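Dear colleague,

Please find below the structure that I am handing over to you. My notes on what was found in it follow directly after.

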Amino acid sequence: MASRAKFVAGNWKMHGSLESSVQLASAVSEGTASLSGVGVIVCPVSAHIVSVNQAIENSSVKVGAQNAHHENSGAFTGELSASMLSDLGCEYLIVGHSERRQLFGETDQQVADKVEAALGHDVTPIFCVGETLEEREAGNLEAVINQQLSAVVQRVGIDAFAKVIVAYEPVWAIGTGKTASPEQAQEVHAMIRTMLSSHSTEVATAVSILYGGSVKPGNANDLFSQADIDGGLIGGAALDADSFIAICQAASAV
Ligand code: PGA
């Protein structure tokens with residue numbers, strides 16, 4: 001993976017008080033200050049973004065959001081746009097997380113809309129793909145990933161992937177404690193890269209592909225050592241500063 005950019009992003013989901021989010025962000029910024037070779041991103045709830053951004057000012061940690069509406073503005077009660085999040089200092093946006101797809105019915109087309117909206121505001125999408133256990137067991141892994149990827153490639157074009165981070169998150173591994181084995185994860189990461197290389201080898205070689213799904217300090221090193229794994233998207237373990245920092249250290253060390 002030599003020259004590819006590595007990232008560790010913490011997806012805090014709908015957790016934390018304003019106070020605890022600021023504390024966590026400060027601890028992460030202190031604990032990762034000396035690390036090199038890894039981009040560290042924290043994604044708090046949108047309501048905490050401004051305060052978290054202040055807490056990590058002058059550090060290399062960046063802030064991301066967990067969701068955005070694809071339109072810039074309009075009569076969409078309760079929604080936030082990528083441009084508004086960008087105004088708040090968000091440089092990253094998680095798009096197409098399986099919880100958005102499963103619990104909020106986001107389709108591949110809506111995911112593509114959001115990736116396009118983020119790119120339009122210089123916000124880097126962390127674009128998530130992943131199969132359910134049923135899909136994997138039915139032998140549909142490749143088809144599912146291909147469909148999720150293709151919807152976005154068709155919309156924004158392969159060259160735009162120079163500014164996209166992909167995250168492979170098998171749904172069966174998210175929040176379950178069941179991590180994909182490093183070999184299972186590597187196999188899918190390589191598959192994603194091959195799919196992208198059918199459009200552009202150059203872009204496919206350069207794109208960072210993160211693994212997500214029960215990454216912990218104890219398994220991070222084995223996962224991040226795989227040839228096509230360029231860091232992680234971390235849920236549960238990102239809520240504990242020491243665990244998250246240890247995972248960032250593992251990414252920095254490989
Ligand atoms: P997890 O979540 O690390 O708690 O499995 C990962 C994610 O949902 O991005």
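The second largest cavity is lined by T32, L35, V38, V40 and S60. Its volume is about 30 Å³, where a cavity is a set of points on a 1 Å grid over the protein atoms alone at which a 1.4 Å probe fits but cannot get out, and lining residues have an atom within 4 Å of a point. A volume is the space filled by probe spheres set on the points, which are joined across faces, edges and corners. This lining divides into 3 nonpolar, 2 polar and no charged residues (Ala, Val, Leu, Ile, Met, Phe, Trp, Tyr, Cys and Pro count as nonpolar, Asp, Glu, Lys and Arg as charged, and the others, Gly among them, as polar).

Please note that this is a predicted model, in which local features need pLDDT of at least 70 and side-chain atom pairs count only at pLDDT 80 or more, while totals for chains, interfaces and linings use all residues. Residues are numbered from 1 along each chain as its sequence is written, and side-chain values use heavy atoms, with hydrogens and water left out.

A search of the whole structure finds 2 cavities of 30 Å³ or more. The largest cavity has a volume of about 40 Å³, and the residues that line it include H97, R101, C128 and E169. By class, its lining has 3 nonpolar, 5 polar and 2 charged residues.

H97 and E169 also belong to the surroundings of the ligand. In total, 13 residues surround the ligand, and the closest are K13, H97, E169, G175 and S214 (a residue counts if one of its heavy atoms lies within 4 Å). A polar side-chain atom of H97 lies 2.7 Å from an oxygen atom of the ligand, and an N or O atom in the side chain of E169 is likewise 2.7 Å from a ligand oxygen atom. The protein buries 97% of the 280 Å² that the ligand exposes when taken alone (accessible areas come from the Shrake-Rupley method with a 1.4 Å probe). The shell around the ligand comprises 4 nonpolar, 7 polar and 2 charged residues.

Lastly, L239 and K13 are 226 residues apart in sequence, yet 9.4 Å apart in space, C-alpha to C-alpha. L239 is partly exposed, with a relative accessible area of 36% (buried means under 20%, exposed over 50%, and partly exposed in between, with protein chains only as cover).

Yours sincerely

Note on methods
A polar contact is a pair of N or O atoms within 3.5 Å; within protein, one must be able to donate a hydrogen and the other to accept it, and residues adjacent in sequence count only if both atoms are side-chain atoms. Buried means under 20% relative accessible area, exposed over 50%, partly exposed in between (1.4 Å probe, protein chains only). On a 1 Å grid over the protein atoms alone, a cavity is a set of points where a 1.4 Å probe fits but cannot get out, and a pocket is an open set with protein on both sides within 12 Å along at least five of seven lines; lining residues have an atom within 4 Å of a point.
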